[in-house]
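Q: I have a model open and would like to learn how to read its features one at a time. Where do we start?

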Amino acid sequence: MRIDRRAVMGGLAAGAVAPLVPAQAAGKPLNFLVVGDWGRDGAEHQRDVAVQMGKTASASRARFVASVGDNFYDDGVDSITDPQWASSFERVYTDPSLQVPWFVTLGNHDYRGNPQAQLDYARVSKRWRLPARYYTVPGASLGLPEADFFFIDTSPMVNKYRDNVKSRIAQNVAQQDVRHQLAWLDAALSKSRAAWKIVMGHHTIRSGGSGHGDTPEMVAMVKPILERHGVQAYIAGHDHDLQHIVDNGVDYVLCGAGSEVRPVAQVAGTRFALARSGFGAFSLTRDTLALEFRDYLGASVYQAQIAREVRAKAA
């Protein structure tokens with residue numbers, strides 16, 4: 001049997017710093033933030049978003065931050081001593097509540113630099129976590145064994161980045177084995193016995209963003225894997241906005257508004273879409289994933305609850 005796993009609330013909320021969406025199930029929630037498309041030396045509301053992230057993380061006692069790619073504009077970083085580590089990261093996300101693990105994915109702009117430098121930085125940073133280009137974080141390591149998180153590397157999957165063979169991004173993505181990654185994701189999701197399976201990556205699957213919209217390769221290659229394994233949510237960036245879309249049992253959440261934003265429109269399945277700098281705040285329990293979007297001024301602009309789908313055990 002199945003139960004309806006969505007009860008969605010939307011709309012703008014006036015004022016600053018409304019309460020984080022409360023979890024509707026017993027037990028201590030796992031709270032975390034998600035931000036994408038941010039690294040602009042503090043400009044384009046990046047610093048404003050960082051301030052509000054700090055306030056939210058402090059109030060909710062967030063256990064980690066997830067970065068869904070395009071961590072440094074326009075051309076990534078070159079090394080672990082690149083000045084952008086200070087100007088776009090260390091000196092921007094300064095609140096004590098943000099000195100928690102940052103689980104990172106790479107975006108296309110990161111591939112325009114030296115993506116390996118971002119893996120190398122994880123070896124010298126107390127909070128930057130990028131152990132591989134795609135990896136799993138068991139929820140048990142974060143205090144919630146009912147969840148597993150899967151971070152994927154989406155740029156190598158996009159054909160257009162390979163077209164200009166002389167470009168740096170083409171040379172970087174050409175070194176990555178897409179089939180191997182897809183097989184890993186399929187196997188890792190199949191092996192997971194967690195009630196919640198949450199996948200994060202940079203590129204969109206479903207999106208009404210004016211910058212990119214749906215990513216055809218992701219729709220063709222990744223979407224079927226998510227659906228086959230009962231993944232409840234795919235969280236991404238790439239389009240510079242805040243979106244929540246539901247399609248065939250998967251909630252697509254876009255948190256690509258860490259600095260600059262672009263116009264966004266509603267598409268089939270849209271629950272919410274807003275072109276305003278901000279981030280996502282999540283509260284996860286065994287039965288419920290609570291989502292809240294907050295803007296760069298601290299206003300709560302959208303709230304939703306995603307209930308875990310319950311299936312009857314096989315006799």
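The dialogue below goes through aromatic pairs, charges over rings, backbone angles, strands and a pocket.

Q: What kind of model is this?
A: This is a predicted model.

Q: How is a pair of aromatic rings described?
A: Two quantities describe such a pair: the distance of the centres and the angle of the planes. In this structure, a search of the whole model finds 26 aromatic pairs. Take F32 and F282: their ring centres are 5.0 Å apart and their planes lie at 5°, so this pair is stacked.

Q: Which parts of the chain does the F32 and F282 pair tie together?
A: F32 belongs to strand β2 (residues 30–35) and F282 to strand β13 (residues 278–284), so the pair ties together parts 250 residues apart in sequence.

Q: What does an edge-to-face pair look like in numbers?
A: Planes over 60 degrees apart count as edge-to-face. W38 and F72 are such a pair, with 5.4 Å from centre to centre and 65° between the planes. This pair links distant parts of the chain, 34 residues apart: W38 is in the loop between β2 and α1 (46–60), and F72 is in the loop between β3 (64–68) and α2 (84–90). Both residues are buried.

Q: Which residues do ring pairs link into a cluster with W38 and F72?
A: Besides W38 and F72, the cluster holds W85, F89, Y93, W102, Y121 and W128.

Q: Which charged side chains lie over the face of a ring?
A: The quantity to read is the distance from the ring centre. R40 lies over the face of Y73, 3.8 Å from the ring centre. R127 lies over the face of F89, at 4.3 Å from the ring centre. F89 is also one of the residues in the aromatic cluster.

Q: Where is there a cis peptide bond?
A: The angle to read is omega. The bond joining Y73 and D74 is cis, with omega about -10°. D74 sits in the loop between β3 and α2. Y73 is the residue whose ring face has R40 over it.

Q: What is the phi of D37, and what is the phi of D41?
A: For D37, phi is near 60°, a positive value in a residue other than glycine. For D41, phi is near 55°, again positive in a residue other than glycine. D37 is found in the loop between β2 and α1, and D41 is found in the loop between β2 and α1 as well.

Q: How far apart are K191 and H229 in sequence and in space?
A: Here two separations are read side by side. K191 and H229 are 38 residues apart in sequence, and their C-alpha atoms are 9.8 Å apart in space. K191 is in helix α6 (residues 178–191). At 67% relative accessibility, K191 counts as exposed.

Q: Which way do the residues of strand β9 point?
A: The side chains of a strand are sorted by the side they point to. In β9 (residues 233–236), A233 and I235 point one way, Y234 and A236 point the other way, and all are buried.

Q: Which strands pair with β9, and in what sense?
A: Strand β8 (residues 196–200) pairs with β9 in the parallel sense over three bridges. Strand β11 (residues 250–255) also pairs with β9 in the parallel sense, over four bridges. On one side, A233 in β9 is the bridge partner of I198. I235 stands opposite V253 in β11.

Q: Which face of strand β6 is covered?
A: In β6 (residues 135–138), Y135 and V137 form the covered face, while T136 and P138 form the uncovered one. β6 and strand β7 (residues 147–151) run antiparallel and are joined by four bridges. Y135 stands opposite F151 in β7.

Q: How much space lies in the second largest pocket, and which residues line it?
A: A pocket is read by its volume and its lining. The second largest pocket has about 170 Å³ of space. Its lining consists of K28, P29, L30, N31, S60, R61, R63, L142, G143 and L144. By class, these are four nonpolar, three polar and three charged residues.

Conventions. Residues are numbered from 1 along each chain as its sequence is written. This is a predicted model: local features need pLDDT of at least 70, side-chain atom pairs count only at pLDDT 80 or more; totals for chains, interfaces and linings use all residues. Side-chain values use heavy atoms; hydrogens and water are left out. On a 1 Å grid over the protein atoms alone, a cavity is a set of points where a 1.4 Å probe fits but cannot get out, and a pocket is an open set with protein on both sides within 12 Å along at least five of seven lines; lining residues have an atom within 4 Å of a point. Grid points are joined across faces, edges and corners, and a volume is the space filled by probe spheres set on the points. Ala, Val, Leu, Ile, Met, Phe, Trp, Tyr, Cys and Pro count as nonpolar, Asp, Glu, Lys and Arg as charged, and the others, Gly among them, as polar. Rings of Phe, Tyr and Trp (its six-membered ring) pair if their centres lie within 6.5 Å; planes under 30 degrees apart count as stacked, over 60 as edge-to-face and the rest as tilted. Helices (H or I, at least four residues) and strands (E, at least two) are DSSP runs, numbered from the N terminus. Buried means under 20% relative accessible area, exposed over 50%, partly exposed in between (1.4 Å probe, protein chains only). A charge sits over a ring if NZ of Lys or CZ of Arg is within 6 Å of the ring centre and within 35 degrees of the ring normal. Two strands pair if DSSP finds at least two bridges between them.
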